[in-house]
Amino acid sequence: MSLLPIQRALVMEADSSTRLFITESLKTFGITDVEDYASEYLALRRFIRGGFDLAIFDLRVWSSPVAAGGPTLVVATSPVCVPDDPGVVLRTQRQGADTLLEKPFNKWLLFGRLEALLAAPTGRRLKIVELPTNRFRLGTVR
């Protein structure tokens with residue numbers, strides 16, 4: 001499976017090394033347009049403007065349920081062990097995330113999770129393809 005439907009991504013992580021790791025991993029997967037932010041205010045302000053196919057948010061920083069119901073695939077990250085804290089799963093669902101990744105994770109786990117999201121019904125939100133209009137010319141018959 002290809003991550004081709006994901007063209008633009010937004011990463012919000014408080015920790016700079018984790019933010020850099022996720023950003024560089026996404027670029028390795030072929031997602032060249034990645035914006036990363038450390039603060040919720042800046043990230044959500046940019047996120048609200050739209051145009052992102054993927055958003056990765058740190059649950060320690062993320063408090064607004066602005067992502068719920070949008071066309072963007074949303075991945076939440078958390079350092080808390082998910083089976084030990086069912087409140088984390090509930091909070092993730094309330095915030096509108098499609099999946100939860102427990103930290104630390106490697107780039108192949110991230111890749112696998114993104115592939116699973118694209119194969120699931122949530123991935124249908126990204127299946128609309130825009131054809132570039134400059135490739136087609138309308139001709140007139142004389």
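This is a predicted model: local features need pLDDT of at least 70, side-chain atom pairs count only at pLDDT 80 or more; totals for chains, interfaces and linings use all residues.
The chain contains four helices and five strands. Along the sequence, these elements follow the pattern β-α-β-α-β-β-α-β-α. The chain has 142 residues, and 42% of them count as buried. Its accessible surface comes to about 8400 Å². Carbon and sulfur atoms account for 56% of that surface. Contacts between residues at least 6 apart in sequence were also examined; 61% of these join residues at least 24 apart.

The five strands form an open sheet. Their order is β2-β1-β3-β4-β5, and the pairing is parallel. Strands β2 (33-37) and β5 (99-102) stand at the edges. Each has a single partner strand, so one side of each lacks a neighbour in the sheet. From one strand to the next, the twist averages 20°. Helix α4 (residues 107-119) packs on this sheet. The helix touches β3 (54-58), β4 (73-78) and β5. The direction of α4 makes about 170° with that of β5.

Strand β1 (residues 8-12) runs parallel to β2, and five bridges join the two. R8 lies in β1. This residue stands opposite D33 in β2. The two residues are also linked through their side chains, which make a polar contact at 2.8 Å. Neighbours within four places in sequence aside, R8 is in contact with I31, D33, E35, R46, G50, G51, F52, D53 and L54.

Six aromatic pairs were found in a search of the whole structure. One of them joins F29 and W108, with ring centres 6.0 Å apart. The planes of these rings meet at 50°, so the pair is tilted. F29 lies in the loop between α1 (16-28) and β2, while W108 belongs to helix α4. The pair therefore ties together parts that are 79 residues apart in sequence. F29 counts as buried, at 14% relative accessibility, because the cut-off for burial is under 20%. W108 is exposed, with a relative accessible area of 53%. Ring pairs link F29 and W108 with F111 into a cluster.

F57 and W62 form another tilted pair. Their centres are 4.7 Å apart, with 45° between the planes. F57 is buried, at 0% relative accessibility. W62 is likewise buried, at 0% relative accessibility. W62 is found in the loop between β3 and β4. This tryptophan and M12 are 50 residues apart in sequence. In space, the C-alpha atoms of W62 and M12 are 8.2 Å apart.

The loop between β5 and α4 holds K103. P104 lies in that loop too. The peptide bond from K103 to P104 is cis, with omega near -5°. K103 is a buried residue, with a relative accessible area of 13%. The K103 side chain makes a polar contact with the side chain of E13 (2.7 Å). A polar contact also joins the side chains of K103 and D58 (3.2 Å). K103 and D58 are 45 residues apart in sequence, and their C-alpha atoms are 9.9 Å apart in space. Apart from neighbours within four places in sequence, the contacts of K103 are E13, T18, D58, R60, T77, S78 and P79.

Key
Residues are numbered from 1 along each chain as its sequence is written. Side-chain values use heavy atoms; hydrogens and water are left out. Two strands pair if DSSP finds at least two bridges between them. Axes are lines fitted to C-alpha atoms, for helices over the stretch in contact, and angles run from 0 to 180 degrees between N-to-C directions. Contact means heavy atoms within 4.5 Å. A polar contact is a pair of N or O atoms within 3.5 Å; within protein, one must be able to donate a hydrogen and the other to accept it, and residues adjacent in sequence count only if both atoms are side-chain atoms. Buried means under 20% relative accessible area, exposed over 50%, partly exposed in between (1.4 Å probe, protein chains only). Accessible areas come from the Shrake-Rupley method with a 1.4 Å probe; for residues, only the protein chains shown count as cover. Rings of Phe, Tyr and Trp (its six-membered ring) pair if their centres lie within 6.5 Å; planes under 30 degrees apart count as stacked, over 60 as edge-to-face and the rest as tilted.
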